[in-house]
Amino acid sequence: MYPELLSIGMNTCIHCGSFGFRSSLLCFHCEEALFRTAFNRLEFFTEVKCVPCLSLFRWQRDRNRILNRLSLALKGQQQQRAWKYYAERFLEEWLKSEFPGVSAVLVPCPAINGVKDHSYWFAESLSKLTGIPMRTALRRVDVKEQKRLTRRERQSSIETKFVLSESASEKFSHVYFVDDIITTGTTIQAAQFHLKKLGHVKAISLIIRE
Ligand SMILES: [Zn+2]
């Protein structure tokens, strides 16, 4: 009919464009290549800015084009199903190395406008798979609020990037801060600054960047 219509939508591999599309957003071959080249088996646990981090993939600069595409494709609000797939793969590795804390909680990195986005879907999938509760305990400080802060307060961006929600008063053994990618670690530092009031903070990410 209209061949161009066939390629519209999300039904092709995000890397090679083939129609053998799976819940990973990739075809079988690209999925296999991703796990072969970027899988983080040996360094699933790392420490970034003194926060223990658990990550499924390691992103080495310019060395993994599939992971480049995937990280972009997984952003936003539409990829709930794909996050469920990656949460399952993450959990397989997680359970090999530690049993999640006795009274743990999962806290997604909050989206800029408070919508349910990639970090929310990742945390929610992990919560459903493990039974660990999820709390949206952090809120982003918006631009207007930032403007009201004094210059000195603004400069210490670690403290002012997030605030703890008013309702977050429960205590937990472990607080897992969930985000899609860990890069410089300033976001997890900012999260830890607030979340340590609730329990021992660790970070969970799909990807860690070198
Ligand atoms: Zn492919």
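Visitor: How many helices and strands does the protein chain have?
Guide: The secondary structure comes to nine helices and seven strands. Keep in mind that this is a predicted model.

Visitor: What share of the residues is buried?
Guide: Of the 210 residues in the protein chain, 34% count as buried. A residue is buried if 20 or more other C-beta atoms lie within 10 Å of its own.

Visitor: How do I read contacts along the sequence?
Guide: Take contacts between residues at least 6 apart in sequence. In this chain, 72% of them join residues at least 24 apart.

Visitor: Which residues does A123 touch?
Guide: Leave out residues up to four places away in sequence. Then A123 touches L106, P108, M134 and V178. Look at V107 too: V107 and A123 are 16 residues apart along the chain, and their C-alpha atoms are separated by 7.0 Å.

Visitor: Now the backbone angles. Which value does phi of L25 take?
Guide: Phi of L25 is near 75 degrees, a positive value, and L25 is not a glycine. Find L25 in the loop between α1 (3–6) and α2 (28–38).

Visitor: Is L25 buried or exposed?
Guide: L25 counts as buried, because 22 C-beta neighbours lie inside 10 Å.

Visitor: What is the phi of K49?
Guide: K49 has a positive phi of about 50 degrees, and K49 is not a glycine either. K49 lies in the loop between β1 (45–48) and β2 (51–59). K49 has 16 other C-beta atoms within 10 Å, so K49 is partly exposed.

Visitor: On to strands. Why is β7 largely enclosed by the rest of the structure?
Guide: Strand β7 covers residues 200–209. Eight of its ten residues are buried, so β7 is largely enclosed.

Visitor: How do the side chains of a strand point?
Guide: In a regular strand they alternate between the two faces of the sheet.

Visitor: Which way does β7 pair with β2, parallel or antiparallel?
Guide: β2 and β7 pair in the parallel sense, over six bridges. Check one of them: F57 has I207 in β7 as its bridge partner.

Visitor: How many bridges join β6 to β7?
Guide: Eight bridges join β6 (residues 174–182) to β7, and these strands run parallel. H174 stands opposite H200 in β7.

Visitor: Which helix does the chain pass through from β6 to β7?
Guide: The chain crosses through helix α9, residues 186–195. This β-α-β crossover is right-handed.

Key: Residues are numbered from 1 along each chain as its sequence is written. This is a predicted model: local features need pLDDT of at least 70, side-chain atom pairs count only at pLDDT 80 or more; totals for chains, interfaces and linings use all residues. Helices (H or I, at least four residues) and strands (E, at least two) are DSSP runs, numbered from the N terminus. A residue is buried if 20 or more other C-beta atoms lie within 10 Å of its own, exposed if 12 or fewer, and partly exposed in between; C-beta atoms are placed from the backbone. Two residues are in contact if their C-beta atoms, placed from the backbone, lie within 7 Å. Two strands pair if DSSP finds at least two bridges between them. A crossover is right-handed if, with the strands pointing away from the viewer, the path from the first strand over the helix to the second runs clockwise.
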